[in-house]
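Please open the model in your viewer and keep the selection panel at hand. The tour goes from one selection to the next and says what is found at each stop.

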Amino acid sequence: IALQRRVLREAALRLKLDGLSFERIEAVRTLLLTGKTGDQQRLPGGFQVQLSYGNAVFRKLQAAAPVFLAGIQIPVPGKGCLPEAGLEFQADFVNAYPLVHGPAEAFFDFDALPGPLSLRFRQPGDTLLLEQGRKKLKEFLIDVKVPQQERDKLPLFCAGTEILWVAGWRRTLHARVQTKTKHILRLRVVQEWHKEKDRGF
């Protein structure tokens, strides 16, 4: 117990978090020992500690970022960026579907897209069309253990009202490339914070 308290005091010192009382340290210690993923504790100075799949994440709370419900249009071919997600994207056509490709790109039948291409963040009620049927985006993100603090800035590539690709995590069944596909669309992304975690798309 003494070592646990010392670790929390060291965390507060490194965060330059003043005024962490004994009672607050005990509250955080209890959270880490008995809490579940998503549980959190506010700390002085605008900080927060949150449980995320076995990790304790200490972070400075920031003002809420703008939520782009309507999204931004994606030119084809073309490129653009979404600074709020630290994201650059590119859309172009390729001659053939590659046998091997990385998680930073996805391929689609351009002529089978269910609407205009756009890029946005998640909205209430979002669903994905997967092999097993429709699944709520919220449930999917929980199942694949996307940390809660990252979910609101997860880039979603859409066509009309349908989600095509949860970038870096899952492609849906919409507009799959087939032997009869004439125009193969490639979407590519780059995002710095994934590089820091050594986990690409």
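**A tour by selection**

Begin by selecting Trp 165 in this predicted model: leaving aside neighbours within four places in sequence, Trp 165 is in contact with Pro 103, Ala 104, Glu 105, Ala 106, Phe 108, Pro 155, Leu 156, Phe 157, Arg 170, Arg 171, Leu 187 and Val 189.

Next, select Asp 92, which is found in strand E6. Is Asp 92 buried or exposed? Asp 92 is buried, because its relative accessible area of 12% falls under the 20% cut-off. Its side chain is joined to that of Gln 90 by a polar contact of 3.3 Å, and, beyond neighbours within four places in sequence, Asp 92 is in contact with Pro 77, Ile 184, Leu 185 and Arg 186.

Finally, select strands E1, E2 and E3, which form an open, antiparallel sheet in the order E1-E2-E3. E1 (40-43) and E3 (55-60) stand at the edges with a single partner strand each, so one side of each has no neighbour in the sheet. The twist from one strand to the next averages 20°. Four bridges join E1 to the antiparallel strand E2 (residues 47-52), and Leu 43 stands opposite Phe 47 in E2.

Terms used:
Residues are numbered from 1 along each chain as its sequence is written. This is a predicted model: local features need pLDDT of at least 70, side-chain atom pairs count only at pLDDT 80 or more; totals for chains, interfaces and linings use all residues. Side-chain values use heavy atoms; hydrogens and water are left out. Contact means heavy atoms within 4.5 Å. Helices (H or I, at least four residues) and strands (E, at least two) are DSSP runs, numbered from the N terminus. Buried means under 20% relative accessible area, exposed over 50%, partly exposed in between (1.4 Å probe, protein chains only). A polar contact is a pair of N or O atoms within 3.5 Å; within protein, one must be able to donate a hydrogen and the other to accept it, and residues adjacent in sequence count only if both atoms are side-chain atoms. Two strands pair if DSSP finds at least two bridges between them. Axes are lines fitted to C-alpha atoms, for helices over the stretch in contact, and angles run from 0 to 180 degrees between N-to-C directions.
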